[in-house]
Amino acid sequence: MIFEIFIVFLLLKVFAQLLLEKFNLNSIVKNRADQQVQEIMDEATLNKTINYSVAKGRFSMFKIVYSALVLLLVVSTGVIPFFYDRVSSFFESEILINALFIVVFMTLLSFVSLPLSLFNTFVLEEKFGFNKMTFKLFLSDLLKSLVISFVLSFPLALLLFSGIELFPNSWWLVGSFIVIGFQLVMQFIFPKFILPLFNKLTPLPDGELKDEVIHLANELKFNTKEILVMDGSRRSKHSNAFFTGFGKSRRVVFFDTLVEQLKINELKAVFAHEVGHYKKKHIVKGFLVGILMTFVGFKLLHWATIFPSFNLAFDLIPGEIAQTFLVFLLISNVIGFFVSPLSNLFSRKNEYEADAYAKQALGEGESLVSALRRLYLENLANLKPHALYSFFYYSHPTFFERRGKLLNN
């Protein structure tokens, strides 16, 4: 019965995703005759944006079906217990076996999406002039990601399965604290040690822009030693900015493409927006929500291990916790789709608050609106997605939603 319920939810997810993509494709084409959109984009840019959005939408529909088929094959063909038996034949320690099984299986599974990544980078993004990545750099990023992933995830898996062995009745609670601790450490490690392995981060060069941004930071009582510029143009023409880290490791990072594309007042508005995330404690709030979800996830996993029917539903041996762990991870993405609108609703609320903070900091909202308009134009972003599509997928409000709030006195 459990497997049948999983199949129903998987089919519902695929159907809903394909329907949303279809709705959005229809909405994209209508942008051509939309007066608001025409006021923002010239005809050439609008046509290119529509073509780009349509191409991404069709590719997304393929990925939806492809990913669902891969998931179905993995959980229904016996490949999980088969792989577990192979790993078990090389080692005696159950903790080591379980940790290697999880980490190696997930690593191998990631290669299934490699053709999709190659197509997206070297065909789709290349066609519309965004890709700047060479195949050599692509391979370098892939190898670095695999090594870093193993170095971080293998010790974490060892800790988790050690906790399960030491605390057989309350391991879900111990496991939750281990994962939460790992996530907290990563908030400090990522911006200082991992991000620089992939991108060159340099302080914002001396000049008017730096003087203006540092002056604004002081006005906002945002203590920072440096504003960093990341060489995003090495991989893509897409532009962005982000806030990362906690405490002394916190950083505001501009893509170099963003610095090239925006005027000083627009970059100040983007900076104020990122500071707004910090001032409104969005990073902390997001981390607290993550803590709650970690406890809920581990408790659900604990229940799955208690009932033998869960493992039997997927042709696994009852009591084999590592296999239960893996299947639970895989199928949780299916349920996650249906609750993702709640997460995105929370994220969009944060974006509105950061926008409002930037508007108050600068005394006007026009600069941020101008920056957003430039970002949408340069990234060929869909200005008017279908309402249901944005509800399910968008972590940021649409351009016109944000403009309306920023220019509304």
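1. Secondary structure. The protein contains 17 helices and four strands; these are DSSP runs numbered from the N terminus, a helix (H or I) having at least four residues and a strand (E) at least two. The radius of gyration is 23 Å, close to the 22 Å that the globule rule gives for 409 residues, so the protein is as compact as a globular protein of that length. Here the radius is taken over C-alpha atoms, and the rule is 2.2 Å times the number of residues to the power 0.38.

2. Basis of the model. This is a predicted model, in which local features need pLDDT of at least 70 and side-chain atom pairs count only at pLDDT 80 or more, while totals for chains, interfaces and linings use all residues. Residues are numbered from 1 along each chain as its sequence is written, and side-chain values use heavy atoms, with hydrogens and water left out.

3. Overall dimensions and burial. Along the principal axes, the C-alpha atoms fill a box of roughly 65 × 45 × 45 Å. Of the 409 residues, 45% are buried (under 20% relative accessible area, with a 1.4 Å probe and protein chains only; exposed is over 50%, and partly exposed lies in between).

4. Contacts along the chain. Contact denotes heavy atoms within 4.5 Å. Among contacts between residues at least 6 apart in sequence, 75% join residues at least 24 apart.

5. Charge. The protein carries 40 positive and 33 negative side chains, and the centres of the two sets are 3 Å apart. Lys and Arg count as positive and Asp and Glu as negative, whereas His and the chain ends are not counted; each charge is placed at NZ of Lys, CZ of Arg, CG of Asp or CD of Glu.

6. Residue S367. S367 lies in helix α15 (residues 366-378) and is buried, at 5% relative accessibility. Its side chain makes a polar contact with that of E364 at 2.6 Å (a pair of N or O atoms within 3.5 Å; within protein, one must be able to donate a hydrogen and the other to accept it, and residues adjacent in sequence count only if both atoms are side-chain atoms). Beyond neighbours within four places in sequence, S367 contacts N265, E266, A269 and L362.

7. Residue V270. V270 belongs to helix α11 (residues 264-279) and is also buried, with a relative accessible area of 7%. Although V270 and S367 are 97 residues apart along the chain, their C-alpha atoms are separated by 8.7 Å. Apart from neighbours within four places in sequence, V270 contacts A241, F254, L258, L262, L368 and A371.
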